[in-house]
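Trainee: I am new to this structure and would like a guided look. Could we go through it together?

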Amino acid sequence: MREYKKVRLILENGDYFDGFSFGAERSVSGEVVFSTGMVGYPESLTDPSYKGQILALTYPLIGNYGVPGKEKEHGLLKNFESDKIQATALIVSDYSFEYSHWNAKKSLAEWLKEENVPGIYGIDTRKLTKILREKGAMLGKIVFDDKDISFFDPNAIDIVKEVTIKDPIIYNEKPNQKKIVVVDCGIKLNIIRNLIKRNLTVIRVPHDYDFLTQMFDGLVISNGPGDPKMCAKTIYNVGRAIKHNIPTFGICLGNQILALAAGGNTYKLKYGHRSQNQPCTLVGTKRCHITTQNHGFAVDMKSLSSEWQEYFVNANDGTNEGLKHKTKPFMSVQFHPEATPGPLDTEFLFDEFIKMMK
Amino acid sequence: MEEPKLNKPKKVLVLGSGSLKIGQAGEFDYSGSQCLKALKEEGIQTVLINPNIATIQTSEGMADKIYLLPVTSYFVEKVIEKEKPDGIMLAFGGQTALNCGVELHDSGIFEKYKVKVLGTQIDAIKDTEDRELFVKTLNEINLKTPESKAANSVEESLAIAKKLGYPVMIRVAYALGGAGSGVASDEQELLEKSKRAFAYSNQVLVEKYLGGWKEIEYEVVRDSYDNCITVCNMENFDPMGIHTGESIVVAPSQTLTNSEYHKLREIAIKVIRHLGIVGECNIQYALDPYSEDYRIIEVNARLSRSSALASKATGYPLAFVAAKLALGYSLIELENKITKVTKSCFEPALDYIVIKMPRWDLQKFKRVSLEIGSEMKSVGEVMAIGRKFEEVVQKAIRMLNINLHGLVANNIQFNDMEKELKKPTDKRILAIVEALKKGISIEKIHDLTKIDLWFLHKIKNVVDTEKELSQFGISDAPRELMKQAKQQGFSDFQIAKILFKNDRNKMTLKKLEVRKLRKKYGILPVVKQIDTLAAEYPAKTNYLYLTYNGDEDDINFDMSVNRSAISDHAQKLKIFDNKKSVIVLGSGAYRIGSSVEFDWCCVNSVLALAKLGYETIMINYNPETVSTDYDVCDRLYFDELSFERVLDIYEKENPEGVIISMGGQIPNNLAMKLHKQDVRILGTSPLSIDSAEDRHKFSKLLDELKIDQPEWTEAKSIEEADKFAAKAGYPVLIRPSYVLSGAAMSVAAGRKELDQYLQKAVEVSKEHPVVISKFITNAKEIEIDAVAQNGELIIYAISEHIENAGVHSGDATMVLPPQYTYHETIRKIKDISKRIAKSLSITGPFNIQFIAKENQIKVIECNLRASRSFPFVSKVTKHNFIDLATKSMLGLEVKGKYNTMDLDYVGVKAPQFSFSRLHGADPVLSVEMASTGEVGCLGDDLGEAFLKSLFSVGFSIPKKNILLSTGPIKNKAYLLESVKKLAEMNFTIYATEGTAKFLEENGIKAGLLHWPLEKKEPNAMTYLQERKIEIVINIPKSYEEEEITNDYLIRRKAVDFNIPLLTNAQIAKLFVDSIHSKKMEDLEIKSWEEY
């Protein structure tokens, strides 16, 4: 038998689960969330939107194809969504100690240990998911050897600060192509890759950066973790940008920030959408797209003025999935058109954004 | 939501798939039934054509009109002419329906009668079916297909292969289950395979062979608004080179990264859009194991075996949705039938792993090759659900019901390990286990098998656990290790076998000891739901499995706390509280001898229970069934039909009782074991079942009742057997006890044969001695299917076999009501059945088989359960025997007058064989069952019903040339009148030497064709190969021929070249008589309702 260290997951409401450790052995705390995506744990773990969160995967067999290498392209890691594991910890049902894949360089366990992130297996993740579904997302902690710690709430702090960059970085700088400012609220690298692929120069700036001081053609507000209302500075900057009619594209947190900048409101969902199978209908049509999602907050459509229309709506629960200004070049989506992980169905939105800049 | 702009047809014709055969099995009963339900919900009138009488879809009320007629263009056109439907569904009846649809379209029939093809259009179907068009179409959107070229002749295929370089793969257009395909490593091999392939089709595709690449499938759905989803992806455990129907398959894929998964998904969507498919399609890929390079192998523009699997694996009702989409709905307008709160426009998220394993029955055939490859040979499949790969693979192996207990703790040996790994057979996964035990490295096994290392490592985990467990005994096995074993899918039996060091005495007690121990340790399985969304939304439907990888049940069982107290009382009074539940045990994997007919029985039992207000619980693990549909029962346990698992579920559910008499032999065999654990079995007492199953007890009973039976003995050694046979006289019938479909059953004409066969039979069942009985020749076989209550006969139907006794009842052509049987015989049979029913106090369904010779009647078999022919007799007599049986088991009043014998029409059930798929197998009828399916047709007289049924299994009226080779003189004489009729009808008759001579002596002109082994022209082989013969009548000389004979070569050649073959004298005679007296126009186009 494999002798692995026992470890306990304790939820805010007192429920607990006993499992075994396969990652770093240290007690941690955060908001416990579940994702139902069946592939893409390297992408998910490095998604900065998971900052401060303990991620439970509902798909039980994890680690099967190991972890790829750190090759780079355009100065960006090819196989990850940021340069490190962002989630606080990982919870799975059945960890595959032996992996197999041509591009794997190490096991998931090795990677978690390297990055000092706990991982636990042997958990009834379906039971955990049902608790979160019924009682709502809640705080939790992973406790080793009775080394108890207190609960930490990532939504109570300005967590974006922890995942953004310090100084602006320019990618794919070439003459005669459009320049995009990307506000990094914890950006997934595939957003940048998608812009580069479309022959755009990308100026990636910190979340609170005053980008209006420079010349550019379009603005992208990235995804990111936490409560959007914590991003006061970003909301303020975006508000100024739309006053200048700068073509703007918000993704995920960016959707919420755009809504807030336009005077609307956001609210916390009971347990959020974290999966790769969310159907989003293009409002006014019967066209529906399968999208990747990772968010705990949503835009309250009713809070926006009549100048704004709903772009997409969730076909399952009717929540807002995007905004579009009726006359001006502003759009945003709650889901992830850049995917990674997940379906590539809505990548066309980057093209829509480019069209908007013309 | 805005009103959908639908152009709904008023009346839709649905084409079924006909008889079950290798490559096209029960999955199309599922898809057709779902299609009919979807149409019905829309208020659309439905007309179904399907001669498969054992299916749910051909049951009363499923379609408004049911035609038990062949799915061929002739009959479909006739039905269209009569019914005038305005729409037709082609995607729900497999390759049969699709091919028939293309033919009708091309001959302008749809246009002529203004029938609209619903869903995917013919052009798109052609783009996927015609290999050259397929490659061209995908090239248009820059997608990769294997380097290949279509050949229209054998010569052309050789030239293409030369260019591509060997090895090459050849594929046949419009073929099901890879028929005629194969890998050729050199020119000689290609020549042979190419010739055979052209027997099926005018076009063959020669492609670069991608052996060793990963094989991945996606199920894709598209609506007419261009919304596309992939419902499921699947990964084959066995890499490219083994047909996906022959592969172990997991869902979702296990070794694909996000990038690979979504790249292939994206391509699937591009393909479905480009082809313009509306509804469902399946796409198969080869994926390079060392890069993201891929090839698109195949697209099936219809519901398929894979889509049935995907539907059961995910809970997504693919067939139902596909039917709605064909009517013009969009995916967002359709609700998710499982959650009932979300929409059909989503992709299921699984929080479990599913494995499919093929079920082969190769040992049933003589001379068949055991190797598996690019052609399908498996006859069924099982699906296991769990939360670990180790768990599902072990579950699945047990589900195959071939005496294996999982990956380990089996008694199986391999001689040449390397060969077993390299040249896959049906047992390869066990060879991997043995190799690991012998210390062969995982890398070496990977080299030989090309199976991904990930799967091999998981198998090794099980081998390791077995090793660890073997260091302990029942007294000191540690809890954590026991738990690990249970989580890895070890059964109590496996653990018992390991802990008790292979001491096989009293295994039942030992496994109960293990059960006790693990319960003491608190190691119990939990019930989990399949809800399509990984618990993200609450599911309303109870689609369940059990696992040890979890802490709590998804279902609240507290409601049932007080059930047992009530039910004991209720049972005594024979009154049941109507709010109580009943478990119906399903039939397991389709295999030879147990097929869709038992699923029909199970489903009808469940429907009867539901109508009576019971909560219905089904246990079954066959993804090709209707019984495992989400809308059939209140709770479906997609799990093992084992003693351990049924008891687990019983303990959780605490139902009113368990019905074990509907699912064939698997549940029947559990009767006694469950009874001993105080499980409430409904219907006939398990003690009576045992009395019928145990030869000694049953024989004693017959003697007591003064009912005749063939002389028999139970032999424990070859000497004993020889002694009996010498005394009773040859031929003798040899069979092991407690088996279905006559596995290892055989007839020996002399001592040499007897000794030879005993070896085989003894191997089959060591614990049970061999039963040898006198084999009665030239006798008729008659069956009774009946229902009794408290020993009183309630309803019965008597059917006769056309073939003389000696042909397994599953392979026999059955006639109801009997046309040739004496009244006296029928009266006696009824009387005997009544007496048996009374003495065994039967309550529920039963079947007795008789042998009759000149009014002498002997009982040869008695089953106290529903038999294979229950759907046939129910549909022919129009009395639902299962409904009555279920009510009778619940103690309800069922007495009445049921007319089952005085009918104005005749029903004929005919077998479907799949010999063409089983290379080398001798296509003869024997006491071993060989057919994979059946059809049942009605007619105003025997000839009409018989011809319809024969046309339904692939025969047609020959136009010109017939080859005769009629065996022993007795048969020659028997068939003489028939041959005269053939001559009268101006057929050109060819015959082999003896037959030709005999015919000449009797004044019939016959062209002589030399025997195959004579190598002289004109030779029978040449004529067959050149397709100069349209039908072959070859009657074998003896019951069991071992060596390769001339006869065998002729039969095999006929099968390989798809030439209809008759091997039974009685059938041949009836066929000739029927075509002599009837023309095609004489076959009435009447629906089931019109009889």
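Trainee: Which residue follows α22(B), and what is its phi?

Mentor: Happy to start there! This is a predicted model, where local features need pLDDT of at least 70 and side-chain atom pairs count only at pLDDT 80 or more, while totals for chains, interfaces and linings use all residues. Residues are numbered from 1 along each chain as its sequence is written, chains are lettered from A and ligands numbered from 1 in the order in which they are written, and side-chain values use heavy atoms, with hydrogens and water left out. Helices (H or I, at least four residues) and strands (E, at least two) are DSSP runs numbered from the N terminus, and after α22(B) comes N654(B), with a positive phi near 45°.

Trainee: How far apart are the C-alpha centres of domain 1 and domain 2 of chain A?

Mentor: The bounds, which come from an automatic or database domain assignment, are 6-156 for domain 1 of chain A and 159-356 for domain 2 of chain A. In contact (heavy atoms within 4.5 Å) are 38 residues of domain 1 and 29 residues of domain 2. The C-alpha centres of the two domains are separated by 26 Å.

Trainee: Which three residues supply 25% of the area that domain 1 of chain A buries against domain 2 of chain A?

Mentor: Buried area is the accessible area (1.4 Å probe) that two parts lose on being put together, summed over both. For these two domains of chain A it is about 2500 Å², with 55% on carbon and sulfur atoms. The three residues, which supply more than any other three, are L76(A), E81(A) and N155(A).

Trainee: Which residue forms a salt bridge with E81(A)?

Mentor: A salt bridge is a side-chain nitrogen of Lys or Arg within 4 Å of a carboxyl oxygen of Asp or Glu. Domain 1 and domain 2 of chain A have 2 salt bridges between them. With its closest N and O atoms 3.1 Å apart, the partner of E81(A) is R193(A).

Trainee: How much area do chain A and chain B bury between them?

Mentor: Here 56 residues of chain A touch 69 residues of chain B. Of the buried area, 49% is on carbon and sulfur atoms, and the total is about 5100 Å².

Trainee: Which element gives the most to the side of chain A that touches chain B?

Mentor: Across this interface there are 9 salt bridges, one of them joining R126(A) and D531(B) at 3.1 Å, N to O. β2 (16-21), β10 (94-95), α3, β19 and β20 of chain A each supply at least two residues of the side that touches chain B. With 8 residues, the element that gives the most is β19(A).
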